[in-house]
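Please open the model in your viewer and keep the selection tool at hand. The stops below say what to select next and what is there.

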Amino acid sequence: MFQVLCIFIPILAALFMPFFFKKVRSIHTGWFVLIVPLFLVTFYATFVPLISKGETVIAQLDWIPSLGISFVSYLDGLSLLFSLLISGIGALVVLYSIYYLDRTVEQLHNFYIYLLMFMTAMLGVVQSDNMITLYLFWELTSISSFLLIGYWFNRDKSRFGALKSTIITVGGGMLMLGGFVLLSIMGETFSIRELIEQAPELATNDTFVIALILILLGAFTKSAQFPFYIWLPDAMEAPTPVSAYLHSATMVKAGIYLVARFTPIFALSEVWVWLVAGIGLLTLFWGSFFAVKQTDLKGILAFSTVSQLGLIMSLLGVSAIAYHVNGAQDTVFKYAAFAAIFHLINHATFKGSLFMIAGIVDHETGTRDIRKLGGLMGLMPISFTVALIGSFSMAGLPPFNGFLSKEMFLTAMLSVAEFDLFNFTTWGVLFPIIAWIASVFTFIYSFYFVFRTFTGKIKLEALPKKPHEAPVGMLISPVILASLVIAIFFIPNVIADTFVKPAVVAIQPFLYTNPEQVDIHVSAWHGFTPELFMTLGIIVVGLVLFMILAKWQKIYDAFPAKLTLNNLYDFIVYEFSDKWMNRLSKTYMTGSIRGYLSYMFTGIAIIVIGTLFIKDGFKVSFLGASPIRPSQVLLILVLVIGTITTVFAKSRITSIVALGAVGYTVSLFFVMFNAPDLALTQLVIETISVALFLLAFYHLPKFRKAEERTRFRFGRAFVSIAVGVMVTLVALSAHSQKYIESIAQYYKDTVYTLAGGGNIVNVILVDYRGFDTLFEITVLAIAGMAIYGMIKLRMSKKGGKL
Amino acid sequence: MEILMAFVCGFLFMAAIYLILSRSLLRIIIGTGLLSHGAHLLILTMGSFKGSAPPVLSEGVTDYVDPVPQALILTAIVISFGVTAFFLVLAYRAYQELKTDDMTLMKGSEDHE
């Protein structure tokens with residue numbers, strides 16, 4: 001119970017932030033916020049000993065029990081690791097933001113409400129075992145991310161970035177919901193744990209692959225995989241603490257989490273292995289390649305995040321291969337999941353610190369443009385050291401943690417080529433090659449990031465501010481993260497035993513049941529292996545390419561500027577949906593009532609006549625028809641002539657009089673068909689109607705010249721003929737196929753005995769079905785009042801008063 | 001007779017729709033008038049014309065026509081009258097204010113949002 005409530009602690013705390021911001025002006029609101037993640041990180045840390053033994057903790061709070069929807073806090077190796085990352089880095093980011101955001105200038109309460117909302121959402125995503133609540137929190141991350149990116153809402157670019165990220169991630173989230181629903185139908189449960197147990201049966205289902213692809217789309221959009229990564233660089237308009245927190249360490253890893261969580265279910269499928277590994281690798285290469293092109297510090301980091309997420313994703317794809325290999329515990333395949341989680345931790349540390357450094361540089365110099373920066377080493381020594389550590393770790397150099405995970409990544413990629421299922425023997429060769437090339441680019445942009453900013457000549461005149469070292473408070477968080485980067489290199493196995501191995505068990509339950517079984521020992525030196533030579537190659541080629549960067553950077557200009565994914569997005573969102581769809585709807589939304597009526601009548605006629613013939617419902621039977629009398633035929637002739645006159649009359653008076661003639665003929669019909677009350681009413685009403693028409697006639701304009709003779713319009717005639725034919729066909733079929741006797745016999749029998757009347761129609765109106773009459777009277781009353789209102793009440797031209 | 005009436009109703013509907021699709025407001029109202037005549041006759045026809053006496057109790061008669069459609073039509077007549085009257089006055093007021101009864105001109109402004 002309390003464990004579930006912990007998910008909601010941040011969002012509950014958010015309720016008090018406006019109070020702190022408005023009432024306690026002298027203290028930065030961030031200090032109050034800081035308590036929340038600090039508490040959470042301590043709370044989750046207490047679970048570490050238990051979870052690292054391979055046990056799981058679960059708590060549940062029912063939400064909609066009748067539908068099987070509940071808030072579940074399920075802590076196993078994977079979710080505990082994520083929870084610690086979220087609360088731990090959350091605390092560092094809040095601390096950093098206290099010095100980054102000025103309490104006198106910024107609307108801090110908004111910022112911290114969004115941030116705390118996000119923290120709840122993220123904790124919910126990683127701890128939910130129920131897919132519906134998982135989706136709920138998933139969308140809450142999208143919403144809070146939207147609010148945070150658009151924090152400086154008076155800037156155009158912020159709003160653009162916020163909109164873009166929301167459209168893409170919420171779109172993916174919707175698809176993911178579809179996948180969840182399909183899965184829950186197949187497995188008859190919303191619980192992921194229960195679904196994992198029945199994974200083999202699920203795989204035989206026809207919709208299994210559809211659910212798989214839908215869920216992957218959700219994960220790929222959130223984790224900025226190719227081709228959905230385009231929102232991430234634009235999300236850099238957010239304040240830097242947000243970029244560091246959401247767009248490097250936590251939210252973008254929600255997709256990674258999702259893939260890891262669902263691996264036990266989907267690993268059975270070849271499609272999963274190919275998509276996750278393939279797209280991941282493509283993203284890795286694409287992101288690293290384009291990171292070198294960026295000129296904005298945060299732009300470099302954004303593309304680098306994209307690329308590193310691709311790396312983790314590809315490792316997760318390879319980890320699914322282990323399912324298909326016999327005795328995978330003893331082969332190199334076991335490394336993939338381990339490397340993925342290990343690199344995830346490492347990435348969170350070094351990327352978080354790098355973002356904070358980018359923020360410091362921006363804060364202290366006033367620009368993030370790498371072309372204006374340079375030579376800051378002497379002025380900002382601490383920032384430089386942290387940046388150096390982060391970048392070298394990102395590049396995969398010893399003695400930093402990135403080196404270890406990159407080695408394991410290369411080990412896993414090399415193993416792919418040995419795999420002999422799903423055509424991997426042929427295409428698998430590409431995996432290590434692409435991975436190697438991408439690593440070279442990673443090396444280049446890491447150097448590019450740190451050395452272009454901190455070495456070289458200083459361009460003081462180009463900088464908006466006079467640069468100096470950041471305040472101590474701002475440096476605390478990046479320094480902590482950077483020291484973690486080094487610490488993890490020296491004590492990798494402590495981290496591995498406590499955090500990574502339990503998570504690996506959660507990802508690959510088909511290999512291990514207990515963390516102790518994960519037989520992997522991380523070592524910085526593991527002999528002269530192919531991986532080591534690959535790393536040496538990366539360093540050599542990377543250094544050479546970095547030295548001659550200016551010479552080959554021009555190749556980026558060779559890419560046509562119009563053929564980018566961003567342009568595709570702009571085209572879809574602005575050109576296609578805005579302009580083209582608008583134009584399309586304007587073609588039929590003409591504003592002309594005649595057009596609309598034509599559509600409606602044509603539609604009705606087509607549907608009714610079509611149904612009649614498709615269902616073979618048309619039938620004509622002369623049985624039970626009453627005989628035709630000559631007087632009736634005469635009456636029909638009068639009616640037809642009257643109608644034709646009404647339609648084709650040249651003047652409106654003829655038209656009105658002819659309509660009156662039709663009405664009187666109808667009342668004669670009523671006489672003939674034994675309906676005296678109808679005949680009476682029709683006669684009276686027709687008289688009043690004609691009088692009314694004549695009244696209006698006096699005030700209405702003459703039929704205009706253009707319509708003196710109603711022009712024959714083919715379309716108009718066609719529509720009306722179609723409707724006429726429809727009515728006739730329906731009337732004929734209905735008359736010819738009567739299956740149930742009328743209930744009239746009851747009325748006839750009881751009209752006197754029960755109701756005490758003789759006129760059956762009248763008794764029906766006021767006794768059997770008196771309610772009809774009551775509301776018919778109401779209709780008349782309303783019509784009368786409305787007419788009175790229309791004539792009497794006028795808005796005065798100027799005042800707008802009645 | 002019912003077969004013949006089915007054609008008559010179809011014809012009334014056809015004429016009514018043709019008028020409703022015209023430009024002049026008055027013609028449209030006349031069209032709705034024809035439409036309600038068509039509908040009323042259709043209801044009556046569908047109730048069938050069996051029976052020879054009007055549905056008013058009298059000595060020695062058992063062969064009454066079906067009273068239910070008649071009651072329905074009676075209600076429908078009154079309602080359609082109310083609506084027609086309202087519509088007419090609306091047309092009259094619209095012409096007074098807008099100085100036109102041409103439906104193609106009553107489209108509102110181009111860029112209404």
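Predicted model: local features only at pLDDT ≥ 70, side-chain atom pairs only at ≥ 80, totals over all residues.

Residues are numbered from 1 along each chain as its sequence is written, chains are lettered from A and ligands numbered from 1 in the order in which they are written, and side-chain values use heavy atoms, with hydrogens and water left out.

**Stop 1: the interface**

Colour the two chains separately and select the residues in contact, which means heavy atoms within 4.5 Å: 97 residues of chain A meet 79 residues of chain B. The size of an interface is often given as the accessible area lost when the parts come together. Here chain A and chain B bury about 8200 Å² between them, 77% of it on carbon and sulfur atoms, where buried area is the accessible area (1.4 Å probe) that two parts lose on being put together, summed over both. On the side of chain A that touches chain B, the elements giving two or more residues include helix H27 (593-614), helix H30 (676-699) and helix H34 (770-792); helices and strands are DSSP runs numbered from the N terminus, with at least four residues (H or I) for a helix and at least two (E) for a strand. By class, this side of chain A has 56 nonpolar, 26 polar and 15 charged residues, with Ala, Val, Leu, Ile, Met, Phe, Trp, Tyr, Cys and Pro counted as nonpolar, Asp, Glu, Lys and Arg as charged, and the others, Gly among them, as polar.

**Stop 2: the cavities**

On a 1 Å grid over the protein atoms alone, a cavity is a set of points where a 1.4 Å probe fits but cannot get out, a pocket is an open set with protein on both sides within 12 Å along at least five of seven lines, and lining residues have an atom within 4 Å of a point. Grid points are joined across faces, edges and corners, and a volume is the space filled by probe spheres set on the points. Select Ile685(A), Glu686(A), Ser689(A), Ser36(B) and His37(B), which of its 15 lining residues are the closest to the centre. H30(A) gives the most to this lining, with six residues.

**Stop 3**

Move to the largest pocket, with a volume of about 1100 Å³, and centre the view on Pro233(A), Asp234(A), Gln294(A), Asp296(A) and Gly299(A), the closest to its centre of 42 lining residues. Its lining has 22 nonpolar, seven polar and 13 charged residues. The second largest pocket holds about 710 Å³ of space, and among the residues closest to its centre are Lys738(A), Ser742(A) and Asp66(B).

**Stop 4: a salt bridge**

Finally, select Asp76(A) and Arg261(A), which form a salt bridge with their closest N and O atoms 2.9 Å apart; the term requires a side-chain nitrogen of Lys or Arg within 4 Å of a carboxyl oxygen of Asp or Glu. The two partners lie 185 residues apart, Arg261(A) being in helix H14 (residues 252-266) of chain A.
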